[in-house]
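Here is a walk through one protein chain. Keep the structure open and follow along.

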Amino acid sequence: TLAIQDELIEALKLYGKTQDDFLNLGRNGIISVFEKCPTIDTEIALAVSRNEQWDKKVKGNDSVDIAFLTVAIPYCDVVITEKFWVNLAQQRGLEKKYNTVLLSDLNELETIL
């Protein structure tokens, strides 16, 4: 939560809660909160999956891709992106969880229209 700590503290204040209240939820409670926030859930899933790919070097553009997909996957009906990201998202069940069709080839779009 360090990357979003300031925003998290401000959001908690809106509900009369503190950072300690949040941390007292415990590991499972915190995970549950993040899973209920589609953009955070998607970002964590994709970043963790990308980092588990030991045979693929992390590229600077990966952060841009994740930022785009963090919004696109939970809120779009169809997302067209690289095969790598489609595979990671499908492995994490994001396609089913957010009822999003993930494609890696623009030509595939015709088959679902």
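A residue is called buried when its relative accessible area is under 20%; over 50% is exposed, and anything in between is partly exposed. Hold on to that cut-off. The model is a predicted one.

Start with the whole chain. Buried residues make up 28% of its 113 residues. The C-alpha trace spans about 50 × 35 × 20 Å along its principal axes. There are 8 helices and 2 strands in the chain. Read from the N terminus, the elements run α-α-α-α-α-β-α-α-β-α. Now take the contacts between residues at least 6 apart in sequence: 47% of them join residues at least 24 apart.

Next, find helix H4, residues 38–51, and helix H5, residues 61–75. Their axes come within 8 Å and cross at roughly 135 degrees. An angle over 145 degrees would count as roughly antiparallel, and 65 to 115 as roughly perpendicular. H4 and H5 are therefore oblique to each other. Their crossing is right-handed.

Which residues meet there? H4 brings Pro38, Thr39, Thr42, Glu43, Leu46, Ala47 and Arg50. H5 answers with Asp62, Ser63, Ile66, Leu69, Thr70, Val71, Ile73, Pro74 and Tyr75. By type, the residues of this contact divide into 9 nonpolar, 4 polar and 3 charged.

Move on to helix H6, residues 83–91. Which of its residues are buried? They are Phe84, Trp85, Val86, Leu88 and Ala89. These buried residues pack against several elements: H4, H5, helix H7 (94–97) and strand S2 (101–103). After H6 comes Gly93, whose phi is positive, near 75 degrees.

Last, the cysteines. How many disulfides does a search of the whole structure find? It finds 0. A disulfide needs the two sulfur atoms within 2.5 Å. Cys76 is likewise in no disulfide, with the sulfur of Cys37 as its nearest, 16 Å away.

Cys37 has 28% relative accessibility, so it counts as partly exposed. Cys76 has 33%, so it also counts as partly exposed.

Conventions: Residues are numbered from 1 along each chain as its sequence is written. This is a predicted model: local features need pLDDT of at least 70, side-chain atom pairs count only at pLDDT 80 or more; totals for chains, interfaces and linings use all residues. Side-chain values use heavy atoms; hydrogens and water are left out. Axes are lines fitted to C-alpha atoms, for helices over the stretch in contact, and angles run from 0 to 180 degrees between N-to-C directions. Helices (H or I, at least four residues) and strands (E, at least two) are DSSP runs, numbered from the N terminus. Angles under 35 degrees count as roughly parallel, over 145 as roughly antiparallel, 65 to 115 as roughly perpendicular and the rest as oblique. A crossing is left-handed if the near helix is turned anticlockwise from the far one by less than a right angle, and right-handed if clockwise. Contact means heavy atoms within 4.5 Å. Ala, Val, Leu, Ile, Met, Phe, Trp, Tyr, Cys and Pro count as nonpolar, Asp, Glu, Lys and Arg as charged, and the others, Gly among them, as polar. Buried means under 20% relative accessible area, exposed over 50%, partly exposed in between (1.4 Å probe, protein chains only).
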